[in-house]
Amino acid sequence: MSVLTRDEAQTRAQFLDVHRYSIDLDLTGGEETFDSRTAIQFTAAEAGDTFVELKPATLRSISLDGQPLDPAHLVENRFPLTALTAGAHELRIDAAMRYSRTGEGMHRFTDPTDGETYVYTQLFMEDVQRVFAAFDQPDLKSVFELAITAPDGWTVLGNGIAEHRGDGRWTLAATPLISTYLVAVAAGPWHSVTTEHAGLPFGIHCRRSLAPYLDADADEILDITRACFDRFHEKFDEPYPFDSYDQAFVPEFNAGAMENPGLVTFRDEFVYRSAVTDTERQTRGMVIAHEMAHMWFGDLVTLAWWDDIWLNESFAEYMGYQTLAEATRFTDTWVDFGVARKGWGYDADQRPSTHPVAPDPAAVPDTASAMLNFDGISYAKGASALRQLVAWLGEKDFLAGINAHFARHKFANATLADFIDNLASATDRDVHAWADSWLRTTGVDTLTPHVEESDGTWSLTVDHDGSRPHRIAVGAYDHAPDTHSGPDRLVLRDRFEIDVPQNGTAKALPGRRPALVVLNDGDLSYAKVRLDSTSWDTAVRDLSGIPDALTRAVVWNTARDMVRDGELAPTTYLEAARAHLPHETDLALVQGVLAFADTHIAGRYLTPENRPAALGTLTALCRDLIRRTEDGHNPGLRLIAVRHLIEAATQPDTIQDWLTNGTVPGGPELDPELRWRILTRLSVLGATDETTIAAELEQDPSATGQEGAARCRAALPTPQAKAAAWDALFNDDTLSNYLFTATAQGFWQPEQADLVRDYVPRYYPDATRLAGRRGPAIAEAAGRYAFPGHAVDAENLHLGEQALNEKDLIPALRRKLIDQVDDLRRALAVRNAH
């Protein structure tokens, strides 16, 4: 397939002006293909040649200005348009297009619960070509007008208000000027909850089998939607630019959500059919706010080329957390960002694949390379940079610059230079210099304090390893001993702001030195921080006594970074978790620390010989949390503890009793998520079998039940189970994206290293061939979930390094392998350091 290059896109944008797409899709033709008829009205600025993109199953006909063209001229995904004259033209294309099972293009899903079928589009980057013919680049915006023929009983959703014309015919209101990748259709027998807000129709939609669960949360989802909508209208001068706002929770979605104008699509795991914590509800709220922010930044004003993807994602990430905190009951969103998202950015920024938040245009020469930048840098680091920018500029000037940007580029395209110029117009600060320091550089700065005390004063000097200026808060804390057992309570003596220039900074203050000094208190900047020795001793002893959860998140991230950098023994982190999580009140912190302890420390950083002891520590910690919640006042904390106790179980007896009895003593009762979680762990431990898995699937034949069964079957510790799972992963090209992921998650288990040892060298050639056959979505899943990350040894590292020399790797798999191999290298270094 030919990928679009930046140079080609710039040439075509100068040559063409695209006015209108009239698209007719027929979804009644069977399970494999659908009909797509497209008329494109466009103008050529001068005589010349260009091309249109499409990826059909069959190209039946194509005509230009009423004259037929030869379908045989289609080469890969491009049809040449030669000898165009200057002026207006109409291109018509009639094709059969393939449904997708990988979440790309027009994805088709049949619900195993009730047999109902649903389809939806995901057209990001270059997948519009799988649905209709297009001049597929973000800066050729156009009006889109769609008509859909759907089976009886289906509802059609799209970017604009949908009208049913009878006999299965639906029309969607014409859009304003939008980019090709933002066109959206979702069709099926949806269960819908509709309302009206600010004079616009609002709706939320899911498949029918999830109807009771959507109804249970409909008020919460719609309340958050309305609150964020109103808050954005307080922030932004430009009103919401589309005619309706639908949110569809769709099956087997590859991303968290997609910001299609007027029809946001979410992965339908956000329709909770099992118990969740308040932090998980907050995450759903953040994604709702994030996607709504895109209606302005991304949809109203769109990037000109994919090197500026951070303009979309960093802005929406920042606004998602900030606006949810301002407009809803979820006021501590930045704690979750700090402990769950920020590490994603720090990790990505320390790998060989790092890149600037705003990369040089030459580094994004085509669409294939652009896809690789959807990572922790474009999201978490970029949002952190914007948060630092707001702290430096002040929110008033920041929003003034944003509103100038919207006003100047609405329904058009803009670049980084445009964005910076518009920010600069609202402030006396040197925003261009800030952008050079923050957006054009790579890597993570490290801030290290040195604290001295003399003659009734104490002084702070900050060593700065890095190049960016930082405006940070410093928190100074003293002990305030409580009468209860456990860590001492700490109280804030002083919090002050300092600017950390490139060569460090110093400050003298009155009084004795504090017991704890925390740099970047409030987490307003993006940098690794360290503690001086006295502060570290206080943190180890009294971390859970720090009064503010966001400060505790900064300290926990310090410990996390020190483990990853080989400066802190992984067992010391575990001991700190054992000491402090029983006293922790913030669920995001408990979940984040346990996840790192389980996945990274017990799973990778400790040797196999030390893993059982680590799991024992985690089990004891989770039992403490379960005992702490026996009074029922904190069900979210109890749920986290139950989940992680299951994951850490080294013997089957306790969790088997839970499964047999259908409940944890004292609660909770086991819902489907917990039942499959227990059964997966029993599978790993060899304490269940296919008969039990099949019986559980009969009780829960849902899509998530199918995934749970696939995960369990792949986790069974028998040669036959592993061979069957491997064949499904790498030879069965009909496996959907979600069933592929579930099978991969079950396959590799640290407890089964000897059993799967021979599969480690097979992974690299098999994954390479699979990615070449099935494309980027499965390649990304194969690199993320099917990688043998448990095998932290020199042999696997060598195999991975050798694989990266192969020329046949598609970019999506190459990027994942670069990251996985570097993580292996780091894990080996951590083991060798202790």
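Let's start with the lining of the largest cavity. Tyr346, Asn520, Asp523, Ala527, Lys528, Val529, Val554, Asn557, Thr558 and Asp561 line it. Keep in mind that this is a predicted model. The largest cavity holds about 60 Å³ of space. In total, the structure has 3 cavities of 30 Å³ or more.

Who supplies the lining? Two elements give two or more residues to the lining of the largest cavity: strand 28 and helix 12, residues 549–564. Helix 12 gives the most, with 4 residues.

What is the strand order? It reads 26-23-22-28, in an open sheet of 4 strands with mixed pairing. Strand 26, at 505–510, and strand 28, at 528–529, are the edges. Each has a single partner strand, so one side of each is left without a neighbour in the sheet. As a reminder, strands of a sheet pair through backbone hydrogen bonds, parallel or antiparallel.

Strand 22, residues 446–454, and strand 23, residues 457–465, run antiparallel. How many bridges join strand 22 to strand 23? There are 9. For a landmark, look at histidine 450, which stands opposite threonine 461 in strand 23.

Next, the aromatics. The structure holds 49 aromatic pairs. I'll show two.

Phenylalanine 232 and phenylalanine 236 are stacked, 5.4 Å centre to centre, with 15° between the planes. Both phenylalanine 232 and phenylalanine 236 are buried.

The second pair is tryptophan 726 with tyrosine 759. This one is tilted, with 5.0 Å centre to centre and 45° between the planes. The pair links distant parts of the chain, 33 residues apart. Tryptophan 726 belongs to helix 21, residues 719–730. Tyrosine 759 lies in the loop between helix 22, at 737–747, and helix 23, at 760–774.

Is tryptophan 726 buried or exposed? Its relative accessible area is 2%, so tryptophan 726 is buried. Tyrosine 759 has 11% relative accessibility, so tyrosine 759 counts as buried too.

Last, charges over rings. The charged end of arginine 12 sits over the ring of phenylalanine 51, 4.5 Å from the ring centre. And which ring does arginine 108 sit over? That of tyrosine 99, with the charged end of arginine 108 lying 4.9 Å from the ring centre.

To go back to where we began: strand 28 is at an edge of the sheet, and strand 28 also gives two or more residues to the lining of the largest cavity. That's it from me.

Definitions and conventions: Residues are numbered from 1 along each chain as its sequence is written. This is a predicted model: local features need pLDDT of at least 70, side-chain atom pairs count only at pLDDT 80 or more; totals for chains, interfaces and linings use all residues. Side-chain values use heavy atoms; hydrogens and water are left out. Two strands pair if DSSP finds at least two bridges between them. Rings of Phe, Tyr and Trp (its six-membered ring) pair if their centres lie within 6.5 Å; planes under 30 degrees apart count as stacked, over 60 as edge-to-face and the rest as tilted. Buried means under 20% relative accessible area, exposed over 50%, partly exposed in between (1.4 Å probe, protein chains only). A charge sits over a ring if NZ of Lys or CZ of Arg is within 6 Å of the ring centre and within 35 degrees of the ring normal. On a 1 Å grid over the protein atoms alone, a cavity is a set of points where a 1.4 Å probe fits but cannot get out, and a pocket is an open set with protein on both sides within 12 Å along at least five of seven lines; lining residues have an atom within 4 Å of a point. Grid points are joined across faces, edges and corners, and a volume is the space filled by probe spheres set on the points.
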